[in-house]
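Subject: Structure handover and notes

Dear colleague,

I am passing on the structure that we spoke about, and my notes on it follow below. Please read them with the model open beside you.

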Amino acid sequence: MESTTLVIMAAGMGSRFGGGIKQLEPMGPNGEIIMDYSIYDAIEAGFNKVVFVTRRDLLETFKEVIGNRIEKVIPVEYVFQEIEDLPSGYTAPAERTKPWGTGQAILACKGTVKEPFLVINADDYYGKTAFKLIHDYLVEDHTSDKKYDFCMAGFILGNTLSDNGAVTRGICVVDDEEHLIGVKETGGIVKTETGAECEDGNGNIVPCDPKSHVSMNMWGFTPDFLDVLEDGFKTFLGSLKEGDIKSEYLLPSIVDSLIKDGEANVSVLETTDKWFGVTYKEDKPVVVESIRRLIEEGKYPESLYK
């Protein structure tokens, strides 16, 4: 069986969640966190290694809450995303307080991940379908006229909205063959009685299609993507203006550039599973209730890892 790895991005602090480490908040009946369910689904789908992207100062807490438990059922490795982890010749501005974005997070896996891999956020529940779709895509042979062949989970926008405030989503533009053409970052998306509305480029509130495909940062990559990230990070850092302490090196932008340069095919694999997560503190009771309901429906055992 071909090796495949699940990479979980867990280095961020949840500011909108109230300043705590939202990735480590207990949600299940026995103190399980959202990552527990993602890992369970990934193992069920066929993934056979987990790599956590975290921070050095969180490592012991991280191991205590989840890592020590998970490594009893699947091989686990840790890599670290830090502000100061930069290529030779670059230094971080003293005023910068956050790492450099999801592109840097996955770049931290270089040297550790050498097989096809799936990337997810630590604080998102994705449902079972997408894990299986991406795993099977990664182990299949594909004929492509492009240098890179990747995939992503295409969630339905209406299945990813919060009841507790506006969200930002990457709305996907796809061609007739369900290949990604581009991702349009769209902010201020809220539920309405008729579907959803969002902000346009000028700050106006306009309707948006709740049936649109959106990216929830669930990507399937081949290991050569890590070389792309390494080269691109230097270009990104070299393009920053003096005093810029907020720009981020982000996976959707990196993938978008590869598509526009004609170097990558990205297949959008549709899932109708409902996403949920803890963007806002008020989301936690919804997540707890959603997990309880999934257990009652038989999707998960009461205790995940006996």
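A disulfide is taken here as a pair of cysteine sulfur atoms within 2.5 Å. By that rule the count of disulfides is zero. Please bear in mind that this is a predicted model, in which local features need pLDDT of at least 70 and side-chain atom pairs count only at pLDDT 80 or more, while totals for chains, interfaces and linings use all residues. Residues are numbered from 1 along each chain as its sequence is written, and side-chain values use heavy atoms, with hydrogens and water left out.

Cysteines

Aromatic rings

A pair of aromatic rings is described by the distance of the centres and the angle of the planes. For the rings of Phe, Tyr and Trp (its six-membered ring), a pair requires centres within 6.5 Å, and planes under 30 degrees apart count as stacked, over 60 as edge-to-face and the rest as tilted. A search of the whole structure on these terms gives 20 aromatic pairs. In one of them, Phe117 and Phe221, the ring centres are 5.7 Å apart and the planes stand at 50°, so this pair is tilted. Phe117 belongs to strand β4 (residues 117-121) and Phe221 to strand β11 (residues 213-221), so the pair ties together parts that are 104 residues apart in sequence; helices (H or I, at least four residues) and strands (E, at least two) are DSSP runs, numbered from the N terminus. Phe117 is buried at 0% relative accessibility, and Phe221 is buried with a relative accessible area of 0%. Ring pairs also join Phe117 and Phe221 with Tyr148, Phe150, Trp219 and Phe225 in a cluster.

Arg96 lies over the face of Trp100, 3.9 Å from the ring centre, and the charged end of Arg169 is placed over the ring of Trp275, at 4.7 Å from its centre.

Helix packing

How do the axes of helix α5 and helix α6 cross? The axes of α5 (residues 225-239) and α6 (residues 251-260) come within 12 Å and cross at roughly 100°, where axes are lines fitted to C-alpha atoms, for helices over the stretch in contact, and angles run from 0 to 180 degrees between N-to-C directions. Phe225, Val228 and Leu229 in α5 are in contact (heavy atoms within 4.5 Å) with Leu251, Ile254, Val255 and Leu258 in α6.

Backbone and single residues

Most residues other than glycine have a negative phi, and most peptide bonds are trans. Glu178, in contrast, has a positive phi near 60°; Glu178 lies in the loop between β7 (167-174) and β8 (180-192) and is partly exposed, at 34% relative accessible area. Asn217 likewise has a positive phi near 60°, but its place is in strand β11, where Asn217 is buried at 13% relative accessibility. Not counting residues up to four places away in sequence, Asn217 touches several residues, including Met9, Val119, Tyr126 and Leu251. Asn217 and Met9 are 208 residues apart in sequence, yet 9.7 Å apart in space, C-alpha to C-alpha.

Asp36, in helix α1 (residues 34-45), is buried with a relative accessible area of 0%, and its contacts, leaving out residues up to four places away in sequence, are Ile66, Arg69, Ile70, Leu304 and Tyr305.

Conventions. Buried means under 20% relative accessible area, exposed over 50%, partly exposed in between (1.4 Å probe, protein chains only). A charge sits over a ring if NZ of Lys or CZ of Arg is within 6 Å of the ring centre and within 35 degrees of the ring normal.
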